[in-house]
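Visitor: I would like to learn how to read side-chain contacts. Could you take me through them one feature at a time?

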Amino acid sequence: MKETLYREYKQNLEWFQSIGKKFFTIVPKNSFKSIMLILISEVSFLIAFLVPIKILMLMGGNSLNKYFLVYIENYGYDIVVLLLSFLSILFYIIHLYCEKYIKKISYESSSLLLEKSAKINIYENQSEIAFNLYGRFIKTLSSLIYVVLSFIVLFIIYQYIFKILLFLPLVYMLIFYIVYSIQPKLDIQKYINNIASLISGSSFLIIFLFIIIDFLYYTPPNLLITIITFILARQISTQFSKILLNINYLLKNRVILNTLFYHSHKLNTTLVEDNNEFLDILLPKNRKNWLRNILMEIDLEIQTFKIIWKDNILVDVISFEVHSLDDKQIIKNKYFIKLYNKNKTKFAKNEAMLLSYSHNLPSMKILLSTKVNNFICNIFMYRREIHPKSTVLSSLEQKLKTRLLITKLNEECILQYQRSHQLLYERLNDTFIKRLKLVDNGKYSEVIELFSNKLDGIRIILEKLPLTIINPNINKNFILVDKSDKPILLDWSNCTIEPMGSGWLIDGKNLELLKKIIKINKLSVSAENAVLSSIMYQIDRLFKTQRYEQVLKMIYQNKSIFEKIH
């Protein structure tokens, strides 16, 4: 473990040295200017907010006023207070000016670094990303210099506290080493904000405690030096916290920084995000342990089991079929397990929420939704479901669409969805009309006016329709049939909830089928309103992809339907 820690530390240090060398080689003047301005800004900000405290002390007749007696005697009490007030404002203006100039220099420097790297645009907001990365690195160096200068001042004025502060990092390193020895797989980056806050706060409190002890039992310096020590100790702990956070930010974005600024590093477009951690737990030697743990949450008596990898077309979602076996290696139960990468957490939670509330959906029974190393894992009961023959797929797809149309959703499920998503009628607003006018050359003026006049009526009709689930994954990749030849779906992670009729194709055959299903199942819904919903859903989809001319054509083709709306 010592070797691992040392190797990681050495690699990171070499990487930071490499970044510094590159930045100070390409933009040396700007980098030095930025560091100086950050230091001036920090000191100015500190003075700007300390001077008002001194003014209050003067006004309150504090004993510290003896340091200002000469100035008060020479210039008068009122003049000194006014001068200090002016100084406070002046230093704050200096702080603001420095911050503005730092931003300007950082933009210039990051732009020059990107220009020197001579690469095409790799990321969205690439300039902003480069600016943030360069700025974080320069701020880290500035904070380090600030801490070193503060240590030098403490060494001169209060060596007792200087020794304590010098000793504290060693204590924190020892604590870190002990924790890492106990939990070698602990993700430090995950808790870095809490760690930085804890170190900053505890360091200041420890210094405060030792100053009190010094005052009570030993020979402390005068009051002014003590106050300066308090201020410096607080600044050191704050700057150290900033250093930790900035280093963590740079390490998390190491790949991006290398890709942007180094010629030898190229864009890595891997299939799975969070590759190291995600792929590690999927390795055969690792997955057996966590699979056993989650299965024991369902069946405490589970002993042996067989793992079967299941391919699927969902990116960043891994599937397994797991058979639990008895003593004679006979299958007791079958489970279908889906592990979602971190960028798919929302979809995993949506699936678990939907299926836990709606037990009448054509799906496998969900048994558990849990976490494996911060990755969501959904577990289903796998019975005798099999993949259907290709000859019956079309009819199975139609059966599933019909089932979803007539399935009544749980009220709590609907409420949770509505709290976080806009429904179709909520997305229909005046922006529709404004954008449609962009492509109007006079040919569709009448159509746009008709649609504009009927928009409020359309929203009212859609709002009154019952809500149904739309599952975009009704296709051969996700359809299974159970022992009764009833179709079920393997994936519900990308479902949406919309007014009845939404999601249906709007060709004549499908719309007639929609009307027929409503009539046969005696749904208390106007078939014409459901048809309107299917048309508006397709219009909304076209609108999202900026196919405005197709939207106008669709409105024109269904002009008779819109004209009937009051």
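Visitor: Are Phe23 and Phe261 buried or exposed?

Guide: Buried means under 20% relative accessible area, exposed over 50%, and partly exposed in between (1.4 Å probe, protein chains only). Phe23 and Phe261 are both buried. This is a predicted model, where local features need pLDDT of at least 70 and side-chain atom pairs pLDDT 80 or more, while totals for chains, interfaces and linings use all residues. Residues are numbered from 1 along each chain as its sequence is written, and side-chain values use heavy atoms, leaving out hydrogens and water.

Visitor: How many aromatic pairs does a search of the whole structure find?

Guide: A pair of aromatic rings is described by the distance of the centres and the angle of the planes. Rings of Phe, Tyr and Trp (its six-membered ring) pair if their centres lie within 6.5 Å; planes under 30 degrees apart are stacked, over 60 edge-to-face, the rest tilted. The search of the whole structure gives 25 aromatic pairs. Phe23 and Phe261 make an edge-to-face pair, 5.6 Å from centre to centre with 85 degrees between the planes. Phe23 is in helix H1 (residues 2–26) and Phe261 in helix H9 (residues 254–261), so their pair ties together parts 238 residues apart in sequence. Helices are DSSP runs (H or I, at least four residues), numbered from the N terminus.

Visitor: Which residues do ring pairs link into a cluster?

Guide: Trp15, Phe16, Phe23, Tyr134, Phe137 and Phe261 are joined this way. Phe23 and Phe261, again, are both buried.

Visitor: Why is the pair of Phe432 and Phe543 stacked?

Guide: The ring centres of Phe432 and Phe543 are 3.9 Å apart and the planes are at 5 degrees, so the pair counts as stacked. Phe432 belongs to helix H16 (residues 430–436) and Phe543 to helix H19 (residues 527–544), so this pair ties together parts 111 residues apart in sequence. Both Phe432 and Phe543 are buried.

Visitor: Where does the charged end of Lys346 sit?

Guide: A charge sits over a ring if NZ of Lys or CZ of Arg is within 6 Å of the ring centre and within 35 degrees of the ring normal. The charged end of Lys346 is over the ring of Phe347, 4.9 Å from its centre. Lys22 lies over the face of Tyr262, at 5.0 Å from the ring centre.

Visitor: How many salt bridges does a search of the whole structure find?

Guide: Side chains of opposite charge can pair when their charged atoms come close. A salt bridge is a side-chain nitrogen of Lys or Arg within 4 Å of a carboxyl oxygen of Asp or Glu. The whole structure has 13 salt bridges. Asp540 and Arg427 form a salt bridge at 2.9 Å, N to O. Asp540 is in helix H19 and Arg427 in helix H15 (residues 424–427), so the bridge ties together parts 113 residues apart in sequence. Asp540 is buried at 3% relative accessibility. Arg427 is buried too, at 13%. Arg427, Glu498, Asp540 and Lys544 are linked in a network of salt bridges.

Visitor: How many residues apart are Asp456 and Arg459 in helix H17?

Guide: Three, about one helical turn, in helix H17 (residues 445–464). Asp456 is partly exposed at 48%, and Arg459 is partly exposed at 21%. Glu512 and Lys515 are likewise three residues apart, in helix H18 (residues 508–520). Their side chains meet in a salt bridge at 3.7 Å, N to O.

Key
Helix = DSSP H or I, 4+ residues; strand = E, 2+ residues; numbered from the N terminus.
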